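Subject: Structure handover

Hello,

Here is the structure I promised to pass on. Please open it beside this email, and then read the notes below.

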Amino acid sequence: MKTRKEKNNFKLIAEYPEILTFKEMITILRIDKVCGYKIIKEKKVKCVKIGRAWKIIKQSVIELLEKGT
């Protein structure tokens, strides 16, 4: 059974902003950093790098989940 703290850490995709950070993307997809960078490198999501930070369009992450690849 999950503790109260674990339940509070769960966040629905709808609650995230329209522009995601890299950390938010890997949290939503429940993947590690290596897989996250691979998704970006293979252009499976729409994103842009601003300085050292990646900004990812949430809708493209949702489409990736729907597509299943």
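**Two loop residues**

Lys43 sits in the loop between α3 and β2 (47–50). Helices here are DSSP runs of H or I with at least four residues, strands are runs of E with at least two, and both are numbered from the N terminus. Lys43 has a positive phi of about 55°, although it is not a glycine. Lys43 is exposed, at 72% relative accessibility. Exposed means over 50% relative accessible area, buried means under 20%, and partly exposed lies in between (1.4 Å probe, protein chains only).

Arg30 is not a glycine either, and has a positive phi of about 55°. Arg30 lies in the loop between α2 and α3. Its relative accessible area is 68%, so Arg30 counts as exposed. For background, most residues other than glycine have a negative phi.

**What you are looking at**

This is a predicted model: local features need pLDDT of at least 70, side-chain atom pairs count only at pLDDT 80 or more, and totals for chains, interfaces and linings use all residues. Residues are numbered from 1 along each chain as its sequence is written, and side-chain values use heavy atoms, leaving out hydrogens and water.

The protein has four helices and three strands. From the N terminus, the order is α-β-α-α-β-β-α. Of its 69 residues, 23% count as buried. Take the contacts (heavy atoms within 4.5 Å) between residues at least 6 apart in sequence: 45% of them join residues at least 24 apart.

**The core**

A nonpolar core is a set of buried Ala, Val, Leu, Ile, Met, Phe, Trp, Tyr and Cys residues joined through side-chain atoms within 4.5 Å. The largest one holds 13 residues. Leu20, Phe22, Met25, Leu29, Val45, Ile56 and Val61 touch the most other members. The elements giving two or more residues to this core are α2 (22–29), α3 (33–41) and α4 (58–67). The largest share, five residues, comes from α2.

Which residues does Met25 touch, not counting residues up to four places away in sequence? They are Leu20, Gly36, Ile40, Val45, Ile56 and Val61.

**How α2 meets α3**

α2 and α3 pack at an angle of about 105°, with their axes 10 Å apart. Axes are lines fitted to C-alpha atoms, for helices over the stretch in contact, and angles run from 0 to 180 degrees between N-to-C directions. That makes α2 roughly perpendicular to α3. The scheme is: under 35 degrees roughly parallel, over 145 roughly antiparallel, 65 to 115 roughly perpendicular, and the rest oblique.

On the α2 side, the contact is made by Phe22, Met25, Ile26 and Leu29. On the α3 side, Lys33, Gly36, Tyr37, Ile39 and Ile40 make it.

**Salt bridges**

A salt bridge is a side-chain nitrogen of Lys or Arg within 4 Å of a carboxyl oxygen of Asp or Glu. A search of the whole structure finds two.

Lys58 pairs with Glu18, the closest N and O atoms being 3.4 Å apart. This pair links distant parts of the chain, 40 residues apart. Lys58 is in helix α4, and Glu18 is in the loop between α1 (4–9) and β1 (19–21). Lys58 is buried, at 5% relative accessible area, whereas Glu18 is exposed, at 54%.

Lys44 forms a salt bridge with Glu42, the closest N and O atoms being 3.3 Å apart. Lys44 is partly exposed, at 37%. Glu42 is also partly exposed, at 41%.

Best wishes
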